[in-house]
Amino acid sequence: MAQCLFISEIQLSIFQWIFALDASHEKHAAQATLAALARTCSAFHDIALDVLWQQFGTIARAIQCMPHDLWGGDANKSESGCISLKLHRHLTKDDWNVFRRYALRIRHLSLATQDVRRGKTLIVDIDDELLACLASMDATQPLLPNLTSLEWIIYDQRDLRLIRRIMTESLTSLFLEVWAISPVPDLPQFISSIAPACPSLRKFAVHSVALSSHLCPSVSQALYHLHHLTTIHCGFLDAEVVDHLSLLPSLLELKFALQPNSEFQNELLFEQLQVLDVHTPDITSAVDLVSRMRNRLTNLSIFSDDHTAASVLAQLFRRLSTSVNHYSLRRLQIMVAEHPPHDLFSVLKLEDLHPLLSFNQLTHVYLDVGCGISLDDVAALELAQAWPNIVQLMLNKFLETSLPASMSPIGLMCFLKHCPNLVELTLEIDFSFIEEQDDQSHCWVGDTTHRHLSVFDVTYSKIHDAAKVAAFLSGILPRTVHVLYSWIYALDDQREYAERWNEASRLFTRMKK
């Protein structure tokens, strides 16, 4: 064998390429190759095992390396068909040494995909007694000393036993998913202790639907003492904590929910922040948050549960234009969950959207804002020319309004002509111009077609002649796979349009063949 192959750095590079070049999702070939290298050549053994376990190692596989009579997996199948690992005898020091030899190589661990009782699609079910027995061995050292990434589901008190033994100073990524619907004893204390246990943490996520407010103080305390974070995903935070996070020099991504009645006192620096995803109690809070920022965001998502007037949204757009760098923003999503009462219904017009047109590098725009967006063909031309790189444009996908659509197929053609990268487009169109024409050659279109648009969603566009609309769309959208609509067949007042669009979609597919 060539002498260079005895050099560990060269081995490591080659073995990592074995993993990288396997394009399959499960990467069975890479696993088999690395395992064969470890078994057949003593010179390759350690490095091949390191790469194999760093990429594919789990605590379940480390358990299965111990004597079979200890865990008895193959003979015990759970109700879901998964292998069930259960303790069948006392765990000895020799058993522990076998487990330890492989545990040292594990870098990534996710028990979120290994426990049957938590209701996921699983491969292995590890019995609580077996986990508790492992946790009791050699309490002077972490169970997985070199672990860098951990994903964990907390369902009840039992789930806190083992995780305390796994937390290590080497951990750089921690994802906690709290499924409990009532407070779990010691959970707030555990979250508060994360910072001293894992001082090198760079990615930190805590998700909880039911207990987000309950965990807010402990999550905040942890965030105050983690100084190297690059990514934060969490629930409720108040203005004081957000102000502290804005000073972190390494923070690149922040996703959180703003605590109701939060009041900001200072400018929010966020010098390196690229991704901001915030759930606010109302759009007014979002305006206050954005107005205090000066940064180079690439992705911005704002969600609100409360309906608001178009004038407040227009104010938000103006604030964005002065707070976010015009050349950095690529993705913009603003979504208002609750639609206003009919007597408070308001409409956004082109002049309200003008501040957004200054972001000429946008590739993805998703506006579902709880009020009408009235755009005619002139507005379509301005938007298309302002956003030439747009890939996905979605305007009010889920909002039905009483306003007639103002944009005709001419406006649609503006997007197809000026936005060559469009892959998904969601617009309400008035197709009466097409339906009223006797000549179906559509000479006015010329040779304009779009080669990349895959999905065209007409939302609540009204339709009267399915054949004419389908013929027009098939001529200009030869590569489009789906023509979607939001009309619901089960609703009596929507069934007529749902049936026509279903027919148009069927004809569209046939005409392209």
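**Notebook: looking through a predicted chain**

I started at Ser170, which counts as partly exposed because its relative accessibility is 25%, a value that falls between the 20% limit for buried and the 50% limit for exposed. I then noted where Ser170 sits, and found it in the loop between helix H8 (159–166) and strand E5 (173–178). Setting aside its neighbours within four places in sequence, I listed what Ser170 is in contact with, and the list reads Pro145, Asn146, Leu147 and Thr148.

**The chain overall**

I reminded myself that this is a predicted model, and so I looked up the confidence before going further. The protein chain averages a pLDDT of 88, and 92% of the residues score at least 70. Over residues 113–122, however, pLDDT stays under 50, although the model has 31 contacts for this stretch beyond four places in sequence. Where pLDDT is low, the predicted coordinates should not be read in detail.

Of the 513 residues, 51% count as buried, and the accessible surface comes to about 23800 Å², of which 53% belongs to carbon and sulfur atoms. Taking contacts between residues at least 6 apart in sequence, I found that 70% join residues at least 24 apart. I also looked up the charges, 41 positive and 58 negative, and their mean positions are 8 Å apart.

I turned next to helix H14 (residues 310–323), which has 14 residues and reaches 20 Å from its first C-alpha to its last, close to the 20 Å expected at 1.5 Å a residue. The buried residues that I listed in H14 are Ala310, Val312, Leu313, Ala314, Leu316, Phe317, Leu320, Ser321 and Ser323. An α-helix has 3.6 residues a turn, so residues three or four places apart point the same way. The buried residues of H14 pack against helices H13 (283–291) and H15 (350–353), and also against strands E10 (299–304), E11 (331–336) and E12 (347–348).

In helix H6 (residues 93–103), I found Asp95, Trp96, Val98, Phe99, Arg100, Tyr102 and Ala103 to be buried, with the charged side chains of Asp95 and Arg100 included in that list. The partners against which the buried residues of H6 pack are helix H3 (45–56), helix H4 (59–64), helix H5 (68–71) and helix H7 (128–136).

**Single residues**

I looked up two asparagines with positive phi. Phi of Asn261 is near 65°, and this residue lies in the loop between strand E8 (253–258) and strand E9 (275–280). Asn261 counts as exposed because its relative accessibility is 77%. Phi of Asn396 is near 50°, again a positive value in a residue other than glycine, and Asn396 is found in the loop between strand E15 (392–395) and helix H17 (409–418). Here the relative accessible area is 8%, and therefore Asn396 is buried.

Lastly I checked Ile7, in the segment before helix H1 (8–21). With a relative accessible area of 40%, Ile7 is partly exposed, and its C-alpha atom is separated by 9.9 Å from that of Phe44, which is 37 residues away along the chain.

Key: Residues are numbered from 1 along each chain as its sequence is written. This is a predicted model: local features need pLDDT of at least 70, side-chain atom pairs count only at pLDDT 80 or more; totals for chains, interfaces and linings use all residues. Side-chain values use heavy atoms; hydrogens and water are left out. Buried means under 20% relative accessible area, exposed over 50%, partly exposed in between (1.4 Å probe, protein chains only). Contact means heavy atoms within 4.5 Å. Accessible areas come from the Shrake-Rupley method with a 1.4 Å probe; for residues, only the protein chains shown count as cover. The place of a charge is taken as NZ of Lys, CZ of Arg, CG of Asp or CD of Glu. pLDDT is the predictor's confidence in each residue, from 0 to 100. Helices (H or I, at least four residues) and strands (E, at least two) are DSSP runs, numbered from the N terminus. The expected span of a helix is 1.5 Å times one less than its number of residues.
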